[in-house]
Amino acid sequence: MLSNIKELYSLLTRQQRKRLLRLQLLVVAMAFAEVAGVMSIGPFMALVGDLSYLQGNGMLASLYRMTGMNQENFLFWLGNGVLLALTLAAGISMFTVWRLSLYGHQVGAELSMRLYRRYMQQPWLFHASGSSSELTNKIAQECNRVTESILAPLMQMNAKLVMATFMVITVFSFNPLVALAGVTIFVLAYLVLYRVVRRKLVANGRIVTLAQAERFNLMQEGFGGIKDVLLLGRQKVFNDRFEKASRRYGQAQGTTKALAMAPRYAMELVAFGAVIFLVLFLLKAHSGNLTAILPLVSVYALASFKLLPAFQQIYTSISTIRGNLSAFDAIRDDLHASQEGRQGENGLSPATGVISPQESIALADVHFRYPGKEGKVLDGLSLSIPAKQVIGLVGPSGSGKSTVIDMLLGLIQPDGGELLIDGQPLTLPATRAWQNNLGLVPQAIFLADASIRENIAFGLPPEEIDEARIKRAARMAQLDEFLQHLPRGLETRVGERGIQLSGGQRQRIGIARALYDDAEVLVLDEATSSLDGITEKRVMDTIHEFSSSKTIIIIAHRLATVKQCDCIYLIKQGRVADQGSYDDLVERNPLFKHMTEHA
Ligand SMILES: Nc1ncnc2c1ncn2[C@@H]1O[C@H](COP(=O)(O)OP(=O)(O)OP(=O)(O)O)[C@@H](O)[C@H]1O
């Protein structure tokens, strides 16, 4: 557990470490205030028991003589003084606890920001081969567990440990034997309890992590594929699986919480027993003189009143941390990686500048294999796309067309071969500038639960959206007529993932999105497959209209879509099998001819 805490500390930024150090001063101040508050009760109780103390030579007697008050008044004001000391101590404690809790939660929030930033910066392949529910779970759930169940308890424990140490030292100075006996009893009792439950806590932590990941997965699968779920009648399967995972989660989490809190009652019993034993012991030692033992008993009673919850808090913190370390395990590697990434963050090319192809975009003898997959998807593929022309990519399903597009877009890097812009290889740092000039309409268009306007200007804050560009893009994507029928026009919300729209409407918003930035290279990956013949023709005519100013790459299964292309590449098993105009290919290529007949 200590090594994990050290590791967590190493993940803090320099400012966070400095702040933690400053907080320690506050923690020490709190401990002092608490101890002073407790100690001040001693002299007061001594005086209550025996007013003759005021006649002696002690500090209290000198103070009494200085004030010139009568005995009752002095006792009254002394009582008020003690109360003030206790109030001050409570105030400082409240303030410290507030600052500590704030610190823990701010660090937690920063960790989740770090993870979000890291995942957002990962290349396409990272996302293409992973699960988005896993990432969401790590940021939302595991980070929350680290915050609530590791960082926050650590902060609490930090304060209580310092306070308890100060308190024990002070009690020690009053009567070492009594203090030693008391502390030994408590520490031993807690140690025994902790040893007994430790294993259970670790096992529970793992169960919580696994069950929670499964719950997130089921939520994403269930709600994401609700249409299939409803049609296939799989609700029960999903419900059962969710129920099982939730039960496991509830059971483990409940047990962990109970195990962290349960010893309180046993410990209260031990504490009361100890106080009774102490009173009896002191009475015996002072031959039954109650006045003599009253101050000592009051200090011990108040000290244990403070120490008992402190011990309990330390124990609860340790068991909560132990039960949730698995949450830290789940995000540890990503957090380390995010720390390394932070240094390189400035190295990311800025979103400024564009690379504008004047002659050609080419792939030269490229090879590519998806990580973890056996065969090559692209196997020595070469093609050249003249600038300002319209090019079609066709081929059987799975032949590698989308992979070619991802490579042209700079989303994946070839294992061998090169992407050449005007004959120059595209370097990694220049990729951002290249992408600034690209517009893509993907097969599956992601729509956010926002207005049509916000979806066209995807990701831009509303104040930065250019109205003229929105209108132009909507017009070119043949959205005008559709928008006229909507009472709220561009303000209409589309529902999550555009659920309130038809496939064709979604596609046209996707096309408008690609046109919004007026990119010089447009890539349409099955972009018009959901449009009816007439709308598709209108969209394609508009696209062909600006073919003299843009380079356009079209993937289509419906071969009529690529009929007007200047050149068509036929892709087969990761290579270019043939190329030429539509008519040429129909005439000479049996596969192409076959495809036209069955399109
Ligand atoms: N993210 C990925 N991870 C692993 N393999 C992948 C991934 N994406 C695609 N593949 C594999 O690569 C091969 C080519 O896929 P690709 O999507 O490029 O083909 P395509 O010609 O565009 O197909 P379609 O016309 O059906 O869209 C397929 O066998 C596919 O299983």
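Me: How do the residues of the shell around the ligand divide into nonpolar, polar and charged?
Reply: This is a predicted model. In it, the shell divides into three nonpolar, eight polar and two charged residues.

Me: How many residues surround the ligand, and which are the closest?
Reply: The ligand is surrounded by 13 residues. Ala128, Tyr370, Ser397, Ser402 and Thr403 are the closest.

Me: Which helix gives the most to that shell?
Reply: Helix 12, residues 401–408. That helix gives three residues to the shell around the ligand.

Me: Switching to the chain. Into which domains is it divided?
Reply: Domain 1 covers 14–342. Domain 2 covers 360–598.

Me: How far apart do their C-alpha centres lie?
Reply: The centres of domain 1 and domain 2 are 57 Å apart.

Me: What feature does UniProt place at residues 25–323?
Reply: The record, an unreviewed entry, gives "domain: ABC transmembrane type-1" there.

Me: And how much helix and strand is in that span?
Reply: Residues 25–323 are 91% helix and 0% strand.

Me: Confidence next. What is the mean pLDDT of the protein chain?
Reply: The mean is 83. Of the chain's residues, 96% reach 70 or more.

Me: Where does pLDDT stay under 50?
Reply: Over residues 343–349.

Me: How many contacts does the model have for residues 343–349 beyond four places in sequence?
Reply: Three.

Note on methods. Residues numbered from 1 in each chain as written. Predicted model: local features only at pLDDT ≥ 70, side-chain atom pairs only at ≥ 80, totals over all residues. Near = placed C-beta within 6 Å. Helix = DSSP H or I, 4+ residues; strand = E, 2+ residues; numbered from the N terminus. Nonpolar A, V, L, I, M, F, W, Y, C, P; charged D, E, K, R; others polar. UniProt positions renumbered as here; feature names shortened; annotations may be inferred. Domains from an automatic or database assignment. pLDDT = per-residue confidence, 0-100. Contact = placed C-beta atoms within 7 Å.
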